[in-house]
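Thanks for coming. I will go through a few local features, and then stop.

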Amino acid sequence: MEQRALPRGGGPVVRLGEDEDFHRLCERLEAELARLGPEVQGAAVTLDVGARLLSTRELLELEAIVNRYAGVRLVQVIDSSGGGAAEAGGAADAPSTGGAALPEGRGSARRSTWAGPAELVRRTLRSGQRVVSSGHVVVLGDVNSGAEVVAAGDVVVIGALRGTAHAGALGDEGAVVAALRLEAGQVRIGRHIGRAPDGARPPADPGRPRPEVARVKDGGIVIESARGEA
Amino acid sequence: MGLAVVVTSGKGGVGKTTTCANVGAALAAGGRSVALVDADIGLRNLDLVMGLENRIVYDLVDVVRGQAKLRQALIRDKRFPNLQLLPAAQTKDKTAVTPAEMRELVAELKASFEYVLVDCPAGIEQGFANAVAGADQAIVVTTPEVAAVRDADRIIGLLEAEGLTEPRLLLNRLRPQMVRRGDMMEIEDVLDILAIPLIGVVPEDESVIVTTNRGEPAALVRDSRAGQAYRDVARRLMGEDVPVRAAEGEASFLGRLRRLWGT
């Protein structure tokens, strides 16, 4: 694809080679930010990583590098491999919660321990599009079959979830996946993968959404009605 | 300045080329000047469906490389002088042209035609990037099958990334009787997933196969149901407000469509 999604906010776009190894890529980013110097003060930086697929961990590292520069925040990581864009910090302009430790691999089976920022994705994610976030993700729209949302925290879809959602992707098993219409064939939380039974139920009546929440309970993923959620 | 519309789908075999030929023919029959561009380089088809294969001398790649002038390569339709085809090259592949070259070519066509319809190849690689370059609007063709719908969804996302944010959907080869029996996806199911406006619903119609093989678009056959649907699509493309026609005895089908269009 020659033309990519346009960066938001008009801030500088840092293009990073897609063939380099990740370590080199981090060095390049540091160098670029240092070179831009005062120009990036208070700016919303967009990273263009070409056809590279970033893991959540890599995304967090890149965000950490950007955050080291005063007043700079990462707004968007463009990843052309999916034709879509993974946005960071869309809703939360505030710097991420100071010193919030990443959730540990052995998460409790209670409430999500993740206190990071939430991102708002105000569109439908279509097949092949992917959002990766170091916080929670709220999608105002549908997540269609073949689309992917990966979050360190919770995934909330104000619409139909038909694609893949991975909450607590860094190991937080207290994370949840919630949707107005939970129609996904598979839900992932932490290290768990829950799959709809074969011969799955018929799709819900679009007129009457049934909000549901998927969470880890007794070592497996269970789906419950969202009613009565605090 | 004309309007460039790319006809695309992601999945192959859902009816992009047939749609191009029929909508193009219907626009031309309505008095508009139309250029059809076959962007499926290496798998040339549109010339066959239009019945113009014998007249090809130069092709799109020749024009881009400066080996032929645009007007030398354009083939005038047998039926309508205001309908012309720019055929694809058959001996090259998708990498023979770039999106920048296509953009220039489409701009040149828009200067002398009211409508430029670009027939996009299947897939999401360079052929797609070439076909959408220079397009002002997009028609996404799908059939009521899960695989075709998912591919259409992918394509809609890619079109958005290319700045074509308002594509319209052509639902092709719908079989109302199967839908009624619950054996085929309903229009609502497809629209629920794709969430873009409809530009038309074309019923499955054997006459399309017959006319396509004869190189004679069904849109020019007066009593063809699919042909009628394609004529309606052309009129909607021209900005007319065309109500949905009842396929014989499909009262409930029509009722649902009315609701979808809000008429």
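A residue is called buried under 20% relative accessible area, exposed over 50%, and partly exposed in between, with a 1.4 Å probe and protein chains only. By that rule Leu60(B), at 0% relative accessibility, counts as buried.

Before I go on, the conventions. This is a predicted model, where local features need pLDDT of at least 70, side-chain atom pairs count only at pLDDT 80 or more, and totals for chains, interfaces and linings use all residues. Residues are numbered from 1 along each chain as its sequence is written, chains are lettered from A and ligands numbered from 1 in the order in which they are written, and side-chain values use heavy atoms, without hydrogens and water.

Back to Leu60(B), which sits in helix H3 of chain B, residues 60-64. Helices (H or I, at least four residues) and strands (E, at least two) are DSSP runs numbered from the N terminus. Between the C-alpha atoms of Leu60(B) and Ala73(B) there are 7.3 Å, while the two are 13 residues apart along the chain.

Now the cysteines. How many disulfides does a search of the whole structure find? Zero, over all chains, a disulfide being a pair of cysteine sulfur atoms within 2.5 Å. For Cys120(B), the nearest cysteine sulfur belongs to Cys20(B), 9.3 Å away. Cys120(B) is buried at 1% relative accessibility, and Cys26(A) is buried too, at 11%.

Next, a sheet in chain A. It is open and mixed, with six strands in the order S5-S7-S9-S11-S14-S15; strands pair if DSSP finds at least two bridges between them. Strand S5 (118-121) and strand S15 (220-225) of chain A are at the edges with a single partner strand each, so one side of each has no neighbour in the sheet. From one strand to the next the twist averages 25 degrees, taken between N-to-C directions of lines fitted to C-alpha atoms, on a scale from 0 to 180 degrees. S14(A), residues 212-217, pairs with S15(A) in the antiparallel sense over six bridges. Val216(A) has Ile221(A), in S15(A), as its bridge partner.

Last, the second largest pocket. A pocket is an open set of points on a 1 Å grid where a 1.4 Å probe fits, with protein on both sides within 12 Å along at least five of seven lines, and lining residues have an atom within 4 Å of a point. Its lining has 27 residues, and nearest the centre are Gly13(B), Val14(B), Gly15(B), Lys16(B) and Thr18(B). H10(B) gives the largest share, four residues.
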